[in-house]
Amino acid sequence: IYSDLEGRNRTTLAALKRIMDALVPVPGRKSLMLVSAGLVWDRSLEGFDAVVAASRRANAAVYFIDVRGLQGLLGESSAAFRAALPAQDVGATAFDFALDGAGAESIAHATGGFSVRNTNEFASRMGRISDESRIYYLLGYYPSNTKRDGKFRKIEVKVNRRDVEVRARRGYYASGERAPARD
């Protein structure tokens, strides 16, 4: 089962990266909607970081739309499948449900997008995605830590207004390359 799941994750992550790479030459901010039942979060797969890095180069946010919609009873615990799950299995089933979309949700948040999960209110969420695609700010700054060590640098964006929501990338990876020699 895991091998099949891993193969589907790799295929989806590779497709997302190819799409992001193709968007790099297109000017402006882009939005990509991933309409899927999700990806299981597996940090051992290199594809997650590659998709996030490609989204930064393309200036694109990923929005995850969970096609499963509103989930009532969790998976096999509904009457449509069989008798109720034993009490000791309910927690594991709930955990599996959360994991099913955790990878796609993580990509969405890391790229500046958001997830639409456990709802059937898709129209309002699509309107929000549309609004965010039209109105955004692109901020740039010079970091105080200029080491080119390839490490992750956290960033935090703050505003002095209470009536706005700030969603920004959590950080970036410093270049691991040496600075070009100056003439």
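A residue is called buried when its relative accessible area is under 20%, exposed when that area is over 50%, and partly exposed in between, with a 1.4 Å probe and protein chains only. By this definition D66 is buried, because its relative accessible area is 2%. The structure is a predicted model, in which local features need pLDDT of at least 70 and side-chain atom pairs count only at pLDDT 80 or more, while totals for chains, interfaces and linings use all residues. Residues are numbered from 1 along each chain as its sequence is written, and side-chain values use heavy atoms, with hydrogens and water left out.

The protein chain contains five helices and five strands. Helices (H or I, at least four residues) and strands (E, at least two) are DSSP runs, numbered from the N terminus. Read from the N terminus on, the elements follow the order α-β-α-β-α-α-β-α-β-β. Of the 183 residues of the protein chain, 28% count as buried. Contact here means heavy atoms within 4.5 Å. Among contacts in the protein chain with a separation of 6 or more, 74% are accounted for by residues 24 or more positions apart.

The packing of two helices comes next. Two packed helices are described by the angle between their axes and the distance between the axes. Helix α2 (residues 47–58) and helix α4 (residues 102–110) pack at an angle of about 30°, and their axes are 10 Å apart. The axes are lines fitted to C-alpha atoms, for helices over the stretch in contact, and angles run from 0 to 180 degrees between N-to-C directions. Angles under 35 degrees count as roughly parallel, over 145 as roughly antiparallel, 65 to 115 as roughly perpendicular and the rest as oblique; α2 and α4 are therefore roughly parallel to each other. On the α2 side the contact is made by F48, V51, V52 and R56, and on the α4 side by G103, I107 and A110. By class, this contact of α2 with α4 has five nonpolar, one polar and one charged residues. In this classification Ala, Val, Leu, Ile, Met, Phe, Trp, Tyr, Cys and Pro count as nonpolar, Asp, Glu, Lys and Arg as charged, and the others, Gly among them, as polar.

Charged pairs form a further theme. Side chains of opposite charge can pair when their charged atoms come close. The structure holds 12 salt bridges, a salt bridge being a side-chain nitrogen of Lys or Arg within 4 Å of a carboxyl oxygen of Asp or Glu. D21 forms a salt bridge with K17, with the closest N and O atoms 2.7 Å apart. Both D21 and K17 lie in helix α1 (residues 2–23), four residues apart, about one turn of the helix. D21 counts as partly exposed because its relative accessibility is 31%.

D21 also forms a salt bridge with R57, where the closest N and O atoms are 3.5 Å apart. This pair links distant parts of the chain, as R57 is in helix α2 and D21 in helix α1, 36 residues apart. R57 is partly exposed, with a relative accessible area of 46%.

The buried residue D66 forms a salt bridge with R117, the closest N and O atoms being 3.5 Å apart. Here too the pair links distant parts of the chain: R117 is in the loop between β3 (115–116) and α5 (122–134), and D66 is in strand β2 (residues 60–66), 51 residues apart. A network of salt bridges links D66, R68, E105 and R117.
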